[in-house]
Amino acid sequence: MSDHPIPPTPTAEDYAAQLAANADEAQFERDAPLPLFLEWMADARRSEPNDSNAMALATVDDGGLPDCRMVLLKGVDERGFAFYSNQGSAKGGQLTGQPKAALLFHWKSLRRQVRVRGAVEPVSTAEADAYFASRARESRIGAWASTQSRPLDSRETLEAAVREAEARFEGAEPPRPDYWTGWRVIPEQIEFWRDRAFRLHDRLRFDRDGEGWRRTRLYP
């Protein structure tokens, strides 16, 4: 085995071993993207070692400079893809200033990806309240203790803020802070990618077309 950090190009034998799982043509005969996404998400939950709902969230700041980070998908339906965070964070400010985003799911164990692009809207107050209440108490305390994305002089300062929040809500359920909320990416475009032998990958893109979707197969 080479000590080089970049792996070698796969061999024919390597490709043969991975071919069968992504060879089902029926998967790419769907008329709408959500059923296929849910199927792939279910596959990922069974196969990924952790955080099968992790996704890269790309935003743009006021100067047009792209930014990207990993977040967790916490809701998906016909309306779009929902996630939650601190509104005062870098991502919160960027989503307020430029309410558009792109998402990328990469399921390494399955050799599949899904890309999503679209406008962004805040989730409802009821949705934000319900999801915040479902979180572990320690995570809710953390939301009160952290002024996310602001400079922090030391770990001890953060731990002190956690203790203060714990004391503040001792014997009570921490409510959702006003600055903690969620957003929904309303997809205009969803693309499915799956690995095939010798880089002849499969790509299927859905573009919103009125109340439905237009399906296009793409060259790899």
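**Entry 1: cavities**

How many cavities of 30 Å³ or more does a search of the whole structure find? I found one cavity of 30 Å³ or more in the search. A cavity here is a set of points, on a 1 Å grid over the protein atoms alone, where a 1.4 Å probe fits but cannot get out, while a pocket is an open set with protein on both sides within 12 Å along at least five of seven lines, and lining residues have an atom within 4 Å of a point. Grid points are joined across faces, edges and corners, and a volume is the space filled by probe spheres set on the points.

Before going on, I noted that this is a predicted model, in which local features need pLDDT of at least 70 and side-chain atom pairs count only at pLDDT 80 or more, whereas totals for chains, interfaces and linings use all residues. Residues are numbered from 1 along each chain as its sequence is written, and side-chain values use heavy atoms, with hydrogens and water left out.

The largest cavity holds about 30 Å³ of space, and its lining is made of Arg115, Val116, Arg117, Gln189, Ile190 and Glu191. The elements that give two or more residues to this lining are β6 (112-122) and β7 (180-194); strands are DSSP runs of E with at least two residues, helices are runs of H or I with at least four, and both are numbered from the N terminus. By class, I listed two nonpolar, one polar and three charged residues in the lining of the largest cavity, with Ala, Val, Leu, Ile, Met, Phe, Trp, Tyr, Cys and Pro counted as nonpolar, Asp, Glu, Lys and Arg as charged, and the others, Gly among them, as polar.

**Entry 2: the strands around it**

I then looked up how β6 and β7 pair, and they run in the antiparallel sense over 11 bridges, where two strands pair if DSSP finds at least two bridges between them.

Is serine 85 buried or exposed? Serine 85 is buried, with a relative accessible area of 6%, where buried means under 20%, exposed over 50% and partly exposed in between, using a 1.4 Å probe and protein chains only. Serine 85 lies in strand β4 (residues 80-86), and I noted a polar contact of 3.0 Å between its side chain and that of lysine 91.

The second largest pocket has about 250 Å³ of space and is lined by 14 residues, of which Tyr84, Ser85, Arg135, Gln148 and Trp180 lie nearest its centre. The largest share of this lining, three residues, comes from β4.

**Entry 3: the chain as a whole**

Finally I recorded that the chain has six helices and nine strands, that its C-alpha trace spans about 60 × 50 × 40 Å along its principal axes, and that 37% of its 220 residues count as buried. In helix α5 (residues 137-145), the buried residues are Arg140, Ile141, Ala143 and Ala145.

Technical notes. Polar contact = N/O pair within 3.5 Å; in protein donor to acceptor, adjacent residues only side chain to side chain.
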